[in-house]
Amino acid sequence: MTAALIEVTNLTKEYRGIPAIKNISLKFEAGKVHSILGENGAGKSTLTKMIAGAVQPTRGEILLDGKKTTFPSPGDALKNGIAMVFQETSLVPSLTVAQNLFLGDEKVFNRLRGLYISAQQLLQSLNFPVDPGAQVSSLGSAQRQMVEIARAVRKNARLIIFDEPTATLTPEEKQYFFDLIDRLKLRGVGIIFISHALEEALAVSDTITVLRDGEHIETGPASNFDREKIVRDMVGRDLSSQLYDQETKREARPYGEKVLSVQNLSMGRMVHNTSFSVYSGQITGIFGLIGSGRTESFKVVSGVVKRNFFHGGIVYLRDKLVRFRIPKPAVQQGIAYVTEDRKVEGIFETMSVSESIGIGEMAAAGNKSWFVNRKKMNKSAEYWSKALNIKSIDASSSVLELSGGNQQKVVIAKALVQNPQIIIFDEPTRGVDVGAIAEIHEVIKGLAEQGLAVVVISSYLPEILSLSDRILVSRQGRIVEEFSIEEADEEMIMYAAVH
Amino acid sequence: MNKFLNGLTQEKIVFLLFVIILVVFSLTLPGFFNAGNLVLLLQGISVLGILGVGLCVVVIGRGIDLSMAATMALSVAWALQLNINGMDLYLALAIGLGAAMLVGLINGVLIAYAEIPPLFATLATGACVYGFGRLVLIHTDLVYVTPSVGNLRFLGQGRILTIPMPVIVFAVIAIIVGLILRYTKFGRFTYAVGDNQETARVTGVSVRHVVLGQYILASSVAFIAGITQAMAVSSMNTRISDSLLIYEVILVVVLGGVGLSGGRGGVRNVIVGTLLIGTFLNGMTIMDVQYTTQNAIKAVILLVAIIADTMVNPRDEQTSQHGDI
């Protein structure tokens with residue numbers, strides 16, 4: 001075995017005492033491609049960010065050429081030859097390729113001509129067909145990635161980390177990207193490759209590591225793995241599934257009325273020509289990996305994001321053709337969206353529990369009354385606090401003081417008070433403590449039994465399996481597969497979700 | 001200690017400061033603590049207070065309105081000019097108010113629909129209002145109040161039970177705006193939009209209409225402040241558009257604890273801020289501090305108030321707790 005370029009031992013990262021990465025020890029070698037695979041939240045990004053200095057480990061060591069080091073910032077990591085290429089590139093769009101390549105290293109008297117000549121030489125040595133004088137904003141994704149890689153090479157990077165590099169590339173660009181990886185390998189550069197695309201990982205890697213729930217599951221040469229084995233390693237659960245229904249083979253709730261019907265919906269680059277329906281009286285689970293367009297489809301339906309005019313599609317709410325440009329009419333016609341990102345678009349941090357719920361109620365009431373009925377507001381706050389078991393000192397305590405789970409319940413109450421026909425839960429238990437997860441699940445099930453059309457979007461398979469009656473799988477901006485709960489199992493769903 | 005600090009809001013700190021300064025001035029300055037001077041003090045800050053009440057609506061909605069001084073000066077001057085030219089007083093006033101509301105509407109459209117940052121949008125409209133007004137509508141710096149206004153003068157110079165009318169107008173406007181903020185849907189939505197515009201939108205609040213309403217309300221209040229001012233001093237000087245007036249208004253709003261980050265504070269904070277500044281200015285005038293020195297001191301207080309504001313009401317809770325990454 002050759003000497004490791006970088007080695008991590010017992011690396012642990014905790015966020016507020018909750019481990020995101022537990023005791024991981026790995027070796028990364030020069031001239032090899034090492035893929036790190038795992039579900040969303042398995043800890044792939046956290047691990048690689050620690051190696052690149054963007055995140056500081058709580059415990060554990062990073063060894064560079066066998067010597068213990070710490071990287072207080074990404075800049076320090078870069079000086080030691082470790083570069084990370086993010087999915088969203090960190091180039092300055094308004095500068096030229098050459099200027100971007102030499103950004104931060106300009107001399108006092110910066111001759112542009114000299115810059116272009118050196119940039120040209122660098123790009124040629126890598127055999128990248130990019131014009132150094134072109135503005136970065138005019139380049140496509142693949143070319144931007146080339147610039148980013150050229151920058152890493154220029155800084156003499158010995159290890160380059162790619163986080164989901166192929167997600168935005170066309171098939172041709174992908175092929176080009178893999179050729180490039182081969183060339184980097186020949187130069188002796190070590191590569192860490194993070195991807196959801198299992199076939200790609202299998203094809204390009206020398207070594208594969210699978211992570212699950214922050215723990216190291218298996219590392220081995222790529223030839224030891226195949227698709228089935230990776231999927232099994234990715235989803236195989238023991239402890240974490242205790243919370244969820246053990247017997248996944250349960251009866252689905254009967255189909256109700258078709259409440260929502262979406263046909264050929266498209267939006268920007270995230271949603272491509274997707275079609276699906278949602279029925280009342282049951283829970284429709286939407287599973288997909290990050291970037292598969294699952295959230296975006298429903299944000300379009302509920303008016304939270306505006307549909308791109310040129311892409312179009314049709315949405316029927318019951319039998320009515322609807323097109324919401326803002327959430328207000330959607331809310332008033334009975335579509336409520338419970339966000340995945342509480343902090344950004346879920347809570348009012350200066351308000352109390354009752355004021356927050358009151359805003360929801362007033363927004364749904366339309367223009368009937370101009371005035372606030374404080375008595376009614378407090379009453380409904382009291383009702384919902386009891387119904388959802390919101391634990392606060394009283395209804396006038398600030399939302400900001402509550403725990404994550406109780407904040408989430410306030411967000412849910414704010415939506416339920418609007419009396420929706422369809423309620424969309426996007427990652428309903430993200431950042432929620434274990435006790436509250438069970439309570440929120442009970443609430444969601446109760447809503448379906450009351451006859452509401454419930455949609456649950458989640459990237460956590462056990463959650464989908466324990467809640468849903470129907471499971472729709474989203475991949476690359478489109479619903480690609482539908483399962484009933486009777487037939488579905490984790491591996492089938494994961495199979496459909498990866499490509 | 002921490003608990004003590006947590007209980008101490010900016011409003012309480014400022015009120016405490018106000019009481020301390022009041023006591024210190026009463027003990028040290030001859031002629032400060034007598035009924036006549038205190039009434040004068042209140043009268044002196046009424047117009048500032050009215051403007052502050054108007055501005056606080058916008059600031060709660062996480063905006064700012066720098067055009068208020070120009071709107072106030074030009075809309076009132078135009079109304080007076082129309083009256084001087086022979087138009088019926090009430091029609092002239094209605095036109096003036098309408099013009100002020102139009103400026104508010106333009107501000108709102110620029111900010112809510114064109115999505116221009118409020119600072120720049122209102123800076124530009126303020127300059128436009130002054131420029132357009134002086135070019136087309138009013139040809140002198142000063143527009144005098146003529147006897148044709150009749151009983152309206154009472155609004156600036158009258159007294160009810162020895163309390164000067166401007167103080168009463170201030171109180172009435174404060175109560176009305178306070179009630180609007182607390183007991184109408186528009187008021188609650190203003191807090192919601194200022195707290196978190198995205199959350200408000202997702203919850204189904206029509207954010208743009210609420211923003212329009214805020215700026216129209218602020219401009220209308222500016223017009224009322226202007227009328228009160230003009231009646232009190234018998235003229236309207238359009239030059240106050242260029243003066244430091246608008247910064248003093250921001251000072252009283254921010255000083256009292258209406259957070260520039262939106263969603264926090266209310267009319268009560270403006271009153272507290274106005275009282276502190278009023279006392280301070282009155283004391284300095286008695287001490288015969290020069291006008292320029294007074295301005296410098298005001299500027300320092302504004303700076304300190306804004307720094308205190310960002311510390312007490314950080315724009316991002318996460319950053320304040322963990323420090324910048």
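Me: Which handedness does the crossing of helix 5 of chain B and helix 11 of chain B have?
Reply: In this predicted model, that crossing is right-handed, a term for the near helix being turned clockwise from the far one by less than a right angle. Helices here are DSSP runs of H or I with at least four residues, numbered from the N terminus.

Me: At what angle do they pack?
Reply: Helix 5 (residues 89-113) and helix 11 (residues 207-233) of chain B pack at about 150°, with axes 7 Å apart. Axes are lines fitted to C-alpha atoms over the stretch in contact, and angles run from 0 to 180 degrees between N-to-C directions.

Me: And which residues meet there?
Reply: Helix 5 of chain B brings residues including Gly96(B), Ala100(B) and Gly104(B), while helix 11 of chain B brings residues including Leu212(B), Tyr215(B) and Ser219(B). Contact requires C-beta atoms, placed from the backbone, within 7 Å.

Me: How many nonpolar, polar and charged residues are in that contact?
Reply: The contact of helix 5 with helix 11 of chain B has 15 nonpolar, six polar and one charged residues. Ala, Val, Leu, Ile, Met, Phe, Trp, Tyr, Cys and Pro count as nonpolar, Asp, Glu, Lys and Arg as charged, and the others, Gly among them, as polar.

Me: Switching to the two chains, how many residues does each give to the contact?
Reply: Chain B gives 18 residues and chain A gives 28. Helix 10 of chain B gives the most to the side of chain B that touches chain A, with five residues. That side divides into four nonpolar, seven polar and seven charged residues.

Me: What are the numbering and confidence rules?
Reply: Residues are numbered from 1 along each chain as its sequence is written, and chains are lettered from A and ligands numbered from 1 in the order in which they are written. Local features need pLDDT of at least 70 and side-chain atom pairs count only at pLDDT 80 or more, whereas totals for chains, interfaces and linings use all residues.

Terms used:
Helices (H or I, at least four residues) and strands (E, at least two) are DSSP runs, numbered from the N terminus.
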